[in-house]
Amino acid sequence: MKQEILQNVEELKSNLIDLGDFIFDNPEIGLEEYKSSKKIIDILRMNDFKIETGIGGFETAFRAVYEVGQNGPSIGLLCEYDALEGMGHACAHHMQGPSIVGAALSIKNQLKDKNYKIVVYGTPAEETIGAKVKMLENGCFNDIDVALMMHGAPDTTTDVKSLALSNFTVKFHGVRSHAALAPEKGRSALDGLILLFQGIEFLREHVREDVKMHYTITNAGGPANVVPKYAEAKFSIRSYDRAYLNHVIERFKKVVQGASLMTETDYEIIETKRLNNKIPVLKLNQILMDNAELVNAPRLSPPREKTGSTDFGNVMYHVPGSCIRVAFVSRGTSSHSDEFLCAGKSEEAHNAIILGAKILAGTAYDLITNKELFNEVLNEFKVNKEKSEKI
């Protein structure tokens, strides 16, 4: 049966490649992916998937469901389709929709004698606001047992972890005065920021080594001969552990408060983005890689240890999940680069779309037909999440 499913992906090959090329040729930035999402939706609708659009608070988000029987495993297949502003599809998001469609249709077309549900989620704006976070808060992803994704990459691999992230805007409000004639009457908002920056540098020495803290001034307050009444900066704080990151954030807020006290200024702290770390499920990674080996995917590699932040982390903090990265560019090539963009319609990219669909379809088949394996994935997630939530 698995071979029949994989063969069905092969039969869909030309249509899947056409879909990928269409999305590549019509790049749309986050929350404006109208053509891309519609193209994917139209194909799924024509193949008997029940469609909901505009879900989770976003016009270009969608949910497509195909169910056989009742109470079977619910497999979530998630795809992104936003491009980079000014660059186009330099992160290979145009490949995700076709791979997800190929996996979903091949399972639907061939697997008739098992109870299961395939749920395809279209998730916009990963590159900008990370819409999966708000979609999750608005009730999406509660109907799936496992979340799977595909991404183009230099190597065929998975991730063990990702960085939890919290972004902040900090504003200081002081008292304006003439810097030369009446400096004693002023209370410098910029001094508040500078002391905050210095405090962060001291804090670095006393946190775990995986913690990363970045900052930049977005408003310095005006000319040098005026004590600035207002100053603003942006901060990004990360760790591979959300529970520990929350602990660091409380210390960060105390540093802000201390800078305010030292300068007799007022402050505001506004959290602008919050991404969780992935909960690793090594068994699910292994299933994906076993299927990658089965279909002879190129450059099979160990899981990535050094990773960034992603809104998929919030989903993977909620349900067990993993993303198969399929090689289509030279080893060492960075995403968001001209090399990624130029390879977007190459033979290697087209092959990666088909291989990604086969890997996801094979993995879904394994989870649907092997109850013991499915439960092993769920149990590992539960244990690892409990460990992650302890500081």
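This is a predicted model: local features need pLDDT of at least 70, side-chain atom pairs count only at pLDDT 80 or more; totals for chains, interfaces and linings use all residues.
Which strand gives the largest share of the lining of the largest pocket? Good morning, colleagues.

Let me begin with the largest pocket. Its volume is about 650 Å³, and 34 residues line it. Nearest its centre lie H151, R304, S309, R325 and S335. Four strands, β5 (146–153), β6 (164–173), β11 (266–275) and β12 (321–327), each supply at least two residues of this lining. To return to my opening question, the largest share comes from β5, with four residues. Sorted by class, the lining of the largest pocket holds 13 polar, twelve charged and nine nonpolar residues.

I turn now to the second largest pocket. Its volume is about 230 Å³. The lining here consists of 13 residues, and those nearest the centre are Y240, D241, N277, P280 and S388. By class, six of the lining residues are charged, four are nonpolar and three are polar.

How many cavities of 30 Å³ or more does the count give? The count comes to one. The largest cavity contains about 30 Å³ of space. Its lining is formed by D159, V160, K161, K278, I279, P280, V281, N285, M316 and G321. Of these residues, five are nonpolar, three are charged and two are polar. Please note P280, which lines the largest cavity and is also among the residues nearest the centre of the second largest pocket.

Helix α2 covers residues 13–25 and helix α11 covers residues 347–369. Their axes come within 10 Å and cross at roughly 120°. That angle makes α2 oblique to α11. The crossing of α2 past α11 is right-handed. On the α2 side, the residues that meet α11 are K13, L16, I17, G20 and D21; on the α11 side, the partners are H350, N351, I353 and I354. By class, this contact has four nonpolar, three polar and two charged residues.

Leaving aside residues up to four places away in sequence, I43 touches L19, V101 and L105. I43 and N15 are 28 residues apart in sequence, while their C-alpha atoms are 9.7 Å apart in space.

That concludes my presentation. Thank you for your attention.

Terms used: Residues are numbered from 1 along each chain as its sequence is written. Side-chain values use heavy atoms; hydrogens and water are left out. On a 1 Å grid over the protein atoms alone, a cavity is a set of points where a 1.4 Å probe fits but cannot get out, and a pocket is an open set with protein on both sides within 12 Å along at least five of seven lines; lining residues have an atom within 4 Å of a point. Grid points are joined across faces, edges and corners, and a volume is the space filled by probe spheres set on the points. Ala, Val, Leu, Ile, Met, Phe, Trp, Tyr, Cys and Pro count as nonpolar, Asp, Glu, Lys and Arg as charged, and the others, Gly among them, as polar. Axes are lines fitted to C-alpha atoms, for helices over the stretch in contact, and angles run from 0 to 180 degrees between N-to-C directions. Angles under 35 degrees count as roughly parallel, over 145 as roughly antiparallel, 65 to 115 as roughly perpendicular and the rest as oblique. A crossing is left-handed if the near helix is turned anticlockwise from the far one by less than a right angle, and right-handed if clockwise. Contact means heavy atoms within 4.5 Å.
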